[in-house]
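Hi everyone, thanks for coming. Let me put the structure up on the screen, and then we can walk through it together.

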Amino acid sequence: MSPAASDFNELEDRLADWELRLRLREALQWSLRGLGLGLALGLALALLARLRPLLSTPALIAAALSLALAGFGAALALAYFWPRSRLASARYFDDIFDLKERTATALELAGSAAPGWLRRGQWADAAAAARRVDPRRQLRFRIDWREAMGVVGVAVALGLTLYLPNPQQAVLAHQNAVDQAIAEQIEALEDALEAIEANPNLTEEQK
């Protein structure tokens with residue numbers, strides 16, 4: 001492999017490593033936001049259940065957990081798998097790593113009809129600049145603590161809303177009892193009808 005090709009391959013490998021780190025960082029950030037959104041939807045559902053007989057407390061807990069997990073998982077997956085071209089990523093890294101458009105230019109020259117000496121020089125310069133980048137310092141995994149505290153606040157509010165007595169639960173229990181009684185009466189009537197139909201001692205007119 002020629003030195004020029006080696007420089008370009010090294011640059012592509014570094015870009016792939018940076019992009020993986022970027023995707024993981026964005027997945028961490030957006031999954032927290034998705035979790036907060038899911039918890040907020042669960043809180044809205046729990047508050048609505050305090051205004052009208054909607055769901056039982058166990059059903060509300062299950063729904064809130066499902067919304068939180070769905071928000072977390074969806075945001076994580078979208079952030080990690082969001083389509084991003086290699087050239088767009090190179091421009092982003094040029095900006096945050098202060099590479100003066102070296103990597104983007106190197107990629108653009110790779111697919112152009114530029115003279116060989118120009119491509120070789122640009123690839124070598126871009127690879128040398130990339131070696132000086134410390135992604136662990138310049139592309140840190142970080143959480144916005146204000147967002148984190150917001151998620152904690154929503155989770156606490158949701159927990160209190162589900163824990164404190166809800167007067168609508170008594171209404172819901174009464175409705176369920178009425179529905180159960182009606183269902184039992186219907187079942188009893190159906191059993192009686194079946195017994196009448198099956199009684200050989202009754203005539204068709206008596207039935």
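Arg131 lies in helix H5 (residues 116–131) and Asp7 in helix H1, so the pair ties together parts that are 124 residues apart in sequence.

Some ground rules before I go on. This is a predicted model, where local features need pLDDT of at least 70 and side-chain atom pairs count only at pLDDT 80 or more, while totals for chains, interfaces and linings use all residues. Residues are numbered from 1 along each chain as its sequence is written, and side-chain values use heavy atoms, with hydrogens and water left out.

By salt bridge I mean a side-chain nitrogen of Lys or Arg within 4 Å of a carboxyl oxygen of Asp or Glu. Helices are DSSP runs of H or I with at least four residues, numbered from the N terminus.

Back to our pair. Asp7 counts as buried, at 15% relative accessibility, whereas Arg131 is partly exposed at 43%. For those words, buried is under 20% relative accessible area, exposed is over 50%, and partly exposed is in between, with a 1.4 Å probe and protein chains only. Asp7 and Arg131 also belong to a salt-bridge network with Glu10 and Arg14.

In total, the structure holds twelve salt bridges. Another of them joins Arg84 and Glu26, whose closest N and O atoms are 2.8 Å apart. This pair, too, links distant parts of the chain: Arg84 is in the loop between H2 and helix H3 (86–96), and Glu26 is in helix H1, 58 residues away. Arg84 is partly exposed, at 24% relative accessibility.

Now look at the loop between H3 and helix H4 (102–110), where Asp98 sits. Lys100 lies in that loop between H3 and H4 as well. The side chains of Asp98 and Lys100 form a salt bridge of 3.1 Å, N to O. Most residues other than glycine have a negative phi. Asp98, though not a glycine, has a positive phi of about 55°, and phi of Lys100 is near 60°. Lys100 is exposed, with a relative accessible area of 59%.

Next, the inside. Rolling a probe the size of a water molecule over the atoms shows where empty space is left. A cavity here is a set of points, on a 1 Å grid over the protein atoms alone, where a 1.4 Å probe fits but cannot get out; lining residues have an atom within 4 Å of a point. How many cavities of 30 Å³ or more are there? The count comes to one, and the largest cavity has a volume of about 50 Å³. Its lining is Ala46, Arg50, Thr57, Leu60, Thr161, Leu162 and Asn166. Helix H2 (57–81) and H7 each supply at least two of the lining residues. Thr57 is in helix H2 and is partly exposed at 24%. The C-alpha atoms of Thr57 and Gln169 are separated by 7.6 Å, although these residues are 112 apart along the chain.

Finally, the surface. Leu20, Leu24, Leu28, Phe141, Ile143 and Trp145 make a nonpolar patch of about 570 Å². Such a patch takes residues with over 30% relative accessible area and no salt bridge, joining nonpolar side chains (Val, Leu, Ile, Met, Phe, Trp, Tyr) within 5 Å. Helix H1 (residues 3–48) gives the most to the patch, with three residues. Trp145 is found in helix H7 (residues 145–163), and Trp145 is exposed at 63%.

Methods:
Patches are made of residues with over 30% relative accessible area and no salt bridge: like charges are joined within 9 Å, nonpolar side chains (Val, Leu, Ile, Met, Phe, Trp, Tyr) within 5 Å. Accessible areas come from the Shrake-Rupley method with a 1.4 Å probe; for residues, only the protein chains shown count as cover. On a 1 Å grid over the protein atoms alone, a cavity is a set of points where a 1.4 Å probe fits but cannot get out, and a pocket is an open set with protein on both sides within 12 Å along at least five of seven lines; lining residues have an atom within 4 Å of a point. Grid points are joined across faces, edges and corners, and a volume is the space filled by probe spheres set on the points.
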